Amino acid sequence: MKTNGKLAIIDICLIALFICLITICSWTTIVGPVPFTLQTFAIFLTLGLLGGRRGTLAILIYILLGAIGLPVFSNFNSGVTALLGPTGGYLLGFVFIGLIFWLIEKIAKNKKIAYIVSNIIGLIICYSFGTIWFMYVYLQSHDSITIITILSWCVFPFIIPDLIKLGFATMLTYKLKNYVPKPAFSKKINQF
């Protein structure tokens, strides 16, 4: 099937399905000393199963749906205010995870290593962007705060859970990858 770089119906359906997965995982909170959602797990799994282009499109559309008011973010939040709030930088940082994954996917020879490395690099960039964003928003209404304090609130408690989620997403990706159709828009793009 030749589509000249356009998305085929199967691609659109898969993107929609994985937007639903990201949304459901955003609503799913694991209670513990520091509660967290399964949002990053869904991001990793989406990229692993859909690949860089379709996965990044799913992430972008997910964020746009939240921006226009659909309650797709954690705690059923939505709207531009959620994106401009203190944790909005982490949501927007998911796009960086997708873009990094897409870039490394295109240049890497070893797809299995590329999957893990690209997600870790993307997660570091997401943490960095989100932390800078959080600090900027926080300082609009407070006098001062140290970077260590922000990291202890926003990053350190989530590193181990995010690495565990990456591990589970990696296992599921390798078990399910043969059941997800390859991108129909281009036969040149390879998934692992």
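Is Ser144 buried or exposed? In this predicted model, Ser144 is exposed, with a relative accessible area of 61%. The residue lies in the loop between α5 and α6, the latter helix covering residues 147-154. When neighbours within four places in sequence are set aside, Ser144 is in contact with Tyr138 and Leu139.

Ser118 belongs to helix α5, which spans residues 111-141. With a relative accessible area of 1%, Ser118 is buried, because this value falls under the 20% limit for that class. The side chain of Ser118 reaches the backbone oxygen of Ala114 at 2.7 Å. Beyond residues up to four places away in sequence, Ser118 touches Ile100, Phe101 and Ile104.

Gly98 is placed in helix α4, residues 88-107. Its relative accessible area is 0%, and Gly98 is therefore buried. Apart from neighbours within four places in sequence, the contacts of Gly98 are with Leu47, Thr56 and Ile59. Between Gly98 and Ile148 there are 50 residues of separation in sequence and 27 Å in space, taken from C-alpha to C-alpha.

The packing of helices was considered next. Two packed helices are described by the angle between their axes and the distance between the axes.

Helix α2 covers residues 39-67 and helix α7 covers residues 156-176; their axes come within 8 Å and cross at roughly 30°. The crossing angle makes α2 roughly parallel to α7, because angles under 35 degrees are placed in that class. The crossing of α2 past α7 is right-handed. On the α2 side, the contact involves Thr40, Phe41, Phe44, Leu45, Gly48 and Leu49. These residues meet Asp162, Lys165, Leu166, Phe168, Ala169, Leu172, Thr173 and Leu176 of α7. Sorted by class, the contact of α2 with α7 contains 9 nonpolar, 3 polar and 2 charged residues.

Helix α7 also packs against α5. The axes of α5 and α7 come within 11 Å, with a crossing angle of roughly 150°. The two helices are therefore roughly antiparallel to each other, since angles over 145 degrees are classed in this way. Helix α5 passes α7 in a right-handed crossing. From α5, the contact is made by Lys111, Lys112, Tyr115, Ile116, Asn119, Ile120, Leu123 and Tyr127. From α7, Phe158, Ile159, Asp162, Leu166, Ala169, Thr170, Thr173 and Tyr174 take part. The residues of the contact of α5 with α7 comprise 10 nonpolar, 3 polar and 3 charged. Asp162, Leu166, Ala169 and Thr173 of α7 are listed in the contact with α2 and also in the contact with α5.

The remaining pair is α2 with α4. Their axes come within 9 Å and cross at roughly 100°. Helices α2 and α4 are therefore roughly perpendicular to each other, as the class extends from 65 to 115 degrees. By class, the contact of α2 with α4 has 15 nonpolar, 7 polar and 2 charged residues.

Notes
Residues are numbered from 1 along each chain as its sequence is written. This is a predicted model: local features need pLDDT of at least 70, side-chain atom pairs count only at pLDDT 80 or more; totals for chains, interfaces and linings use all residues. Side-chain values use heavy atoms; hydrogens and water are left out. Helices (H or I, at least four residues) and strands (E, at least two) are DSSP runs, numbered from the N terminus. Buried means under 20% relative accessible area, exposed over 50%, partly exposed in between (1.4 Å probe, protein chains only). A polar contact is a pair of N or O atoms within 3.5 Å; within protein, one must be able to donate a hydrogen and the other to accept it, and residues adjacent in sequence count only if both atoms are side-chain atoms. Contact means heavy atoms within 4.5 Å. Axes are lines fitted to C-alpha atoms, for helices over the stretch in contact, and angles run from 0 to 180 degrees between N-to-C directions. A crossing is left-handed if the near helix is turned anticlockwise from the far one by less than a right angle, and right-handed if clockwise. Ala, Val, Leu, Ile, Met, Phe, Trp, Tyr, Cys and Pro count as nonpolar, Asp, Glu, Lys and Arg as charged, and the others, Gly among them, as polar.
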